Amino acid sequence: MIARVEPLTTARALRGPFDYRLGEAHGGVDVGSVLVVPFGRRRVLGVVTSVASESEVAPERLVEPLSALEADVPAPLVSLGLWVAEEYCSTPARGLALVLAPGTGTGSGRPLRARRSLLAAVTPAGCEATEGPRRLGARQQAALRALAEGPMRAAALVRASGCDHAGLRRLEERGLVRLDETAEPARRPVFAEVGARPGAHELTTAQRYALAEVTAALDAPPREREPLLLHGVTGSGKTEVYLRATEETLARGRSAIVLVPEIALTPQTAGRFIERFGDRVAVLHSALTARERYDEWARLRRGDAVVCVGPRSAVFAPLEALGLIVVDEEHDPSYKQEGDPRYDARRVAERRAAQEGAVLLAGTATPRPEAWHSLRRISLPERVDGRALPPVEVVSSLEATGALHPRTREALDAVRRREEKAIVLLNRRGWSNFLSCRTCGRAWGCPECDVTLVLHRSAGRVSCHHCGHTESVPSACPDCGSVSIARHGAGTEQLGDELEDLVHPLPVVRLDTDSAAATGVGPLLERFEREPTGVLVGTQMVAKGHDFPEVTLGVVLDADATLRFPDFRAEERTFALVCQLAGRSGRGPRGGKVIVQALEPGARPLRHAAMHDSAGFTAGELERRRALRYPPFGHLIRVVCSSAEPGPEQEAAEAVGERIEESIARATPGATVLGPAPLFRRQGRERSQLVVKTVERAAAIEAVRRAVDEVAADRVHGEANFAVDVDPQ
Ligand code: ADP
Ligand code: ZN
Ligand code: ZN
């Protein structure tokens, strides 16, 4: 047998697969096995992507693998990893690295033991042989005695009895022992009922209907199984539907993956799964040590855990017999990976579900236009208790005194008097987002990036939010010596201070990356939950799926700041942010309301968000995107070229652009190349970007890949680096 092995190397130029001969010792090797193979003079790790009976390589040049690791992956994950590599213009090694046991190839995981692929069992004849006087060596007898206790892995038997491999083979020839190459320990999930709890709630009619749709899909023939979108307003009980859908999946002997945005930020969802399914859940979150991460992975691989809850990477959980993939809060941008491979877990989930015959269930209150357009929709139009969604008032920031509008002050004051809770969102951290000299106009910028430095007053620093550069707060202008320095644009730190005065003596909890850096997110959310009354203030982190019933007021400041970004998703983002924050208010018996401050209160996303009108917003958004051929009616591929000095990045981008234009003219009419356009300097790198807009996705990806590979291989462009992002966010 021949194993085709893709080496796990970072070298872009080195592409397998390469053929290796499988000898006797490699009986259990199959697609998904991870092998140590000789490669030239080195040994490298590689993944078996296929097996064949013949090779084109001359037999005398074929070598055998050195060993196999115990942590292999199910075969469908190999094709998924390779698909990701193709789809996101990455390398097979990087695509495969996503699906392997944590730490494989990087050495950061637990040392993996070689896999023992032979199971030895004694035959009836062998049982008798231990009793009667047969001509057996002492070691062979010891082996038979050991096997009388039950089957053993061959390698363990060799150690226990001292009888070597050849000796075992002779016992096999005499019919005394069976050596079974496929007799691996059962890898199919074991569905014990331990820890299971019945549903916690009587389902509402809408939930029941939604669940029926999911179970119908579970029971449908794979071909007719459609991916589903659970469009449920905030507080409509989507999580309960996911829980029940998971129960139904397990009841059918299948496993489930539940993707959530960030566990630290939304611990409630993962908590509900653990509460309901106990030990059958493995949770993969970023706070795990490498060791814990490996152990959770191994529990899933063995089938000890049959539900995996985790962020985007959990889409690669090594589960077999997969029946359901839930994507909670499908609008959340964290589903897109920022480094190579820049995959989108929502798209990967769809692919995996289709490939393995699982049901995809994406849920949110604010679906992306892509999901709205392509998934079959089920809705939960009301909150579980029949309570109305909170009324939303949009007011003009221009009428604000300081950061807050008089209406906002009034509302916060009412929260203080009634001892309730409020959540205030301002998507800007720090104290002031830039400093300038009142005398000469100097602005404090980052030396590495073309952006201004943000003042963090309690830390006594001004910092760059793009590269981490920080310096101490200036006391005087280095250009003109003036000590008169103006602070512009309040951030969450300053707002927190202002709120403390306003709602005194209510506690104010600030939640942003700075406050979370000290303690982690958990303690901050717990504190806000524990306090009977108070204000939670922070960046978009406060708008995630939190479920705090005592919150009666939600406030968004500078809500249309996101609209001022030149990005086709600006409207969608703004709409989602406001709706999601609004969704945190009025979840309890006291009801609630929402105030939104904006420079343009009439902006379309705000108007729709104020009415909690996803359908109306999305319809308009789809129309606009259809006209402009933006997703889902076209695909975008972004290429960013960068270099340390100005010049090479621009030349490289032009060269890539020309090559794409050429192949597009031939192969993908209807595609356009926008740019190259300069991007602001970041982390000391000059940047230039191209955007390809196309309706023919695969052809365009191929064209971009070829163009980038060619230009990157050209010495002339040796100074430039390249990053390709398919479906940029
Ligand atoms: P969503 O994710 O749709 O915003 P959640 O799943 O957080 O909503 O549910 C909101 C609250 O309603 C939770 O506290 C949950 O326990 C509760 N809940 C869910 N389903 C029901 C039900 N059928 N009856 C009563 N309460 C429910
Ligand atoms: Zn100055
Ligand atoms: Zn910087």
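In this protein, 76% of the contacts with a separation of 6 or more join residues 24 or more positions apart, a contact being heavy atoms within 4.5 Å. The model is predicted, so local features need pLDDT of at least 70 and side-chain atom pairs count only at pLDDT 80 or more, while totals for chains, interfaces and linings use all residues. Residues are numbered from 1 along each chain as its sequence is written, chains are lettered from A and ligands numbered from 1 in the order in which they are written, and side-chain values use heavy atoms, with hydrogens and water left out.

**Exercise 1.** Describe the overall build of the protein.

*Solution.* Begin with the secondary structure, which comprises 21 helices and 30 strands, taken as DSSP runs numbered from the N terminus (helices are H or I with at least four residues, strands are E with at least two). The radius of gyration, taken over C-alpha atoms, is 30 Å, close to the 27 Å that the globule rule gives for 729 residues, so the protein is as compact as a globular protein of that length; the rule is 2.2 Å times the number of residues to the power 0.38. Finally, buried residues make up 51% of the 729 residues, where buried means under 20% relative accessible area (1.4 Å probe, protein chains only).

**Exercise 2.** Determine where Thr 123 lies and what it touches.

*Solution.* First locate Thr 123 in the loop between strand E6 (119-122) and helix H3 (124-131). Its relative accessible area is 14%, which means that Thr 123 is buried. Then list its contacts: leaving aside residues up to four places away in sequence, Thr 123 touches Gly 175, Leu 176, Val 177 and Arg 178. For Gly 175, the backbone oxygen lies 2.6 Å from a polar atom of the Thr 123 side chain.

**Exercise 3.** Characterise the surroundings of ligand 1.

*Solution.* Start with the shell of 17 residues, whose closest members are Glu 202, Gln 207, Gly 235, Lys 238 and Asp 547; a residue is near if one of its heavy atoms lies within 4 Å. Helix H8 (residues 238-251) gives the most to this shell, with 3 residues. Next consider the atom pairs, in which an oxygen atom of ligand 1 is 3.2 Å from a polar backbone atom of Ser 236, one is 3.1 Å from a polar backbone atom of Gly 237, and one is 2.9 Å from an N or O atom in the side chain of Lys 238.

How values were computed: Buried means under 20% relative accessible area, exposed over 50%, partly exposed in between (1.4 Å probe, protein chains only). A polar contact is a pair of N or O atoms within 3.5 Å; within protein, one must be able to donate a hydrogen and the other to accept it, and residues adjacent in sequence count only if both atoms are side-chain atoms.
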